Amino acid sequence: MNGTHERKINRVLTVVFSLLCLAYVAPIFLVFLNSLKKNIFISREPFRWLTELNFNGLDNYIYATQKIKFFSSIGNSVIITVLSVILILVCCSMCAWYISRVRDRLSNVMYYLCIFSMVVPFQMVMFSLSKTADSLKLNTPWLIPVIYLGFGAGLAVFMFCGFVKSIPLEIEEAAMIDGCNPLQTFFHVVLPIMKPTYISVAILETMWIWNDYLLPYLVLDLKRYKTIPIVIQYLRGGYGKTDMGGIMACMVLAIIPIILFYLICQKHIIKGVIAGAVKG
Amino acid sequence: MAHSIRKYFPIFALPTMAAFCIGFLWPFLQGVYLSFCEFTTVTDAIFVGFKNYIKVWGDATFLHAFWYTALFTVVSVLAINILAFLVALLLTRGIRGTNLFRTVFFMPNLIGGIVLGYIWQLIFNGVLLHWGRTLTYSTWYGFWGLAILMCWQQVGYMMIIYIAGLQGVPEELKEAARMDGATSRQTLFKVTIPMVMPSITICTFLSVTNSFKLFDQNLSLTAGAPSNMSELLALNIYNTFYGRVGWQGVGQAKAVIFFLLVVVIALLQLRFTRSKEVQQ
């Protein structure tokens, strides 16, 4: 193959991929476009550009923020995601270190149970889980992280264990000989070494919990707390006439924080996905 | 060292283990038990043996959902992996704009299933409007709609993993093949693909389990319409639980069968692709 030929192909590919990228963002743009339209025009002509007739200004957004109180559900989603991820990171990394360093029967059982839990579909446990959570009063955004810790422990413990195995034992032994107790050893020695794994696990768990629909839907006290996916499903799946404009506005408001988050932490997210895949 | 760490069991391992029992282990065991019971809540369960399982066999919607899910899994796994691998191959040639393309293709992954479903519902219904139909007109509209949606969401994720795999293939190997007179097609099939087999294993595993366990997208895109004919297994189980009074036991039995299916498929798939991997 000669170089000019190759270069020509690459230039064509750049153009093709640019077009593909435009097509890829089009659905998101379409939602944004429709969020500015009046209700009846959304389902009747979703692909039509804005005109004087169908333009609705920011009314849909005002409706979404005032009537649906969309911001309170964003708040709930933030509380649940942040608390759950922190809890998972702290508890699972400590547990994984314990499992890897204390190799007794209990650790082994725990390790294999964690792997096992990763393949179990949620439908298998959903009924009992929602009843258990109810009876333990874990149905608020402040306590649902306990459930997430339990159900998300599998992946997190597994990933942390994979990393702990690669830490040389000598470093920890040296710390212990210098008089650190296990807690100090963990927080001063092990934790800093594991930083990349913390980021990977945090990314994977955030992507899961932020978008999770069924678990909070079944566990949370829905009269008082709703998360973003629950509100959107409520609006659409509701009875009678659905308010398309409100839904479009809510979806845009739901997508914007995600895209911002993605653009800021893009590098970490992609690294996290790769790390998760290699360990999986 | 293990000895002194063991003394700290309550701090290191207990929180995770306790949450694991509440959030996974207990609901799982109770779920297995309840599949042999007739119940409406956890407290009024009466043991009935295999009655629920027999009822599952007589349930035509479940059998339909099973074949529908199996077919959907095959189609979406093939489409996602072939497309993702192709894009990854083209994006590792060093063409201009590679980073931007990668960023864009990955983005839909961060949007939750519920929102994705409604975005595509808007698009599909808008297109089908030309023929005066909607997405719920036939079983197969929902099927292909869901397959397109899954491709849009997952190709980027798998592409990231494939790119990482492709970048790990040593340049010398491909160079050596070229020197020996291999065509670019031969290099691809005899060198590159065997070398990225671990990535293929992971990606097929992830896409098989994702498609098989799919729930959110199914719920929001068609919700099973027309008359439960576009229901995947997960949604079928959910509807049995919460849509039919007195069928909770059958729902739980379905969930157990579903769980066993997931385990069997995951194991078979891992074994199949692992056997194709080469030692590096």
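Helix α11 (residues 197-212) of chain B and helix α14 (residues 248-274) of chain B pack at an angle of about 165°. An angle over 145° counts as roughly antiparallel, and α11(B) and α14(B) are therefore roughly antiparallel to each other. Their axes lie 9 Å apart, in a model that is predicted. The crossing in which α11(B) passes α14(B) is right-handed.

The residues that meet in this pair can be listed from each helix. α11(B) contributes B:M197, B:I200, B:T201, B:T204, B:F205, B:V208, B:T209 and B:F212. By class, the residues of the contact of α11(B) with α14(B) are nine nonpolar, five polar and one charged.

Leaving aside residues up to four places away in sequence, B:T73 touches B:V208, B:S211 and B:F212. B:T73 itself is found in helix α5 (residues 60-91) of chain B. Is B:T73 buried or exposed? The cut-off for a buried residue is 20 or more other C-beta atoms within 10 Å. B:T73 has 22 C-beta neighbours inside 10 Å, so B:T73 counts as buried.

α5(B) passes α8(B) in a right-handed crossing. The contact of α5(B) with α8(B) has 22 nonpolar and three polar residues, with no charged residues.

These helix pairs can now be placed in the whole chain. The secondary structure of chain B comes to 14 helices and two strands. Chain B is divided into domain 1 (2-27) and domain 2 (60-274), and the C-alpha centres of domain 1 of chain B and domain 2 of chain B lie 35 Å apart. Taken along the principal axes, the C-alpha atoms of chain B fill a box of roughly 75 × 75 × 30 Å. Chain B has 280 residues, of which 44% count as buried. Among the contacts in chain B with a separation of 6 or more, residues 24 or more positions apart account for 74%.

Chain A is likewise assigned domains: domain 1 (3-64) and domain 2 (68-238). The centres of domain 1 of chain A and domain 2 of chain A, taken over C-alpha atoms, are separated by 37 Å.

The last topic is the contact between the chains. Chain B gives 72 residues to the contact, and chain A gives 72 residues. On the side of chain B that touches chain A, the largest share comes from helix α3 (residues 14-34) of chain B, with 15 residues. The residues of that side of chain B divide into 52 nonpolar, 15 polar and five charged.

Note on methods:
Residues numbered from 1 in each chain as written. Chains lettered and ligands numbered in written order. Predicted model: local features only at pLDDT ≥ 70, side-chain atom pairs only at ≥ 80, totals over all residues. Helix = DSSP H or I, 4+ residues; strand = E, 2+ residues; numbered from the N terminus. Buried ≥ 20, exposed ≤ 12 C-beta atoms within 10 Å, placed from the backbone. Contact = placed C-beta atoms within 7 Å. Domains from an automatic or database assignment. Axes fitted to C-alpha atoms, helices over the stretch in contact; angles between N-to-C directions. Parallel < 35°, antiparallel > 145°, perpendicular 65-115°, else oblique. Left-handed = near helix turned anticlockwise from the far one by under 90°. Nonpolar A, V, L, I, M, F, W, Y, C, P; charged D, E, K, R; others polar.
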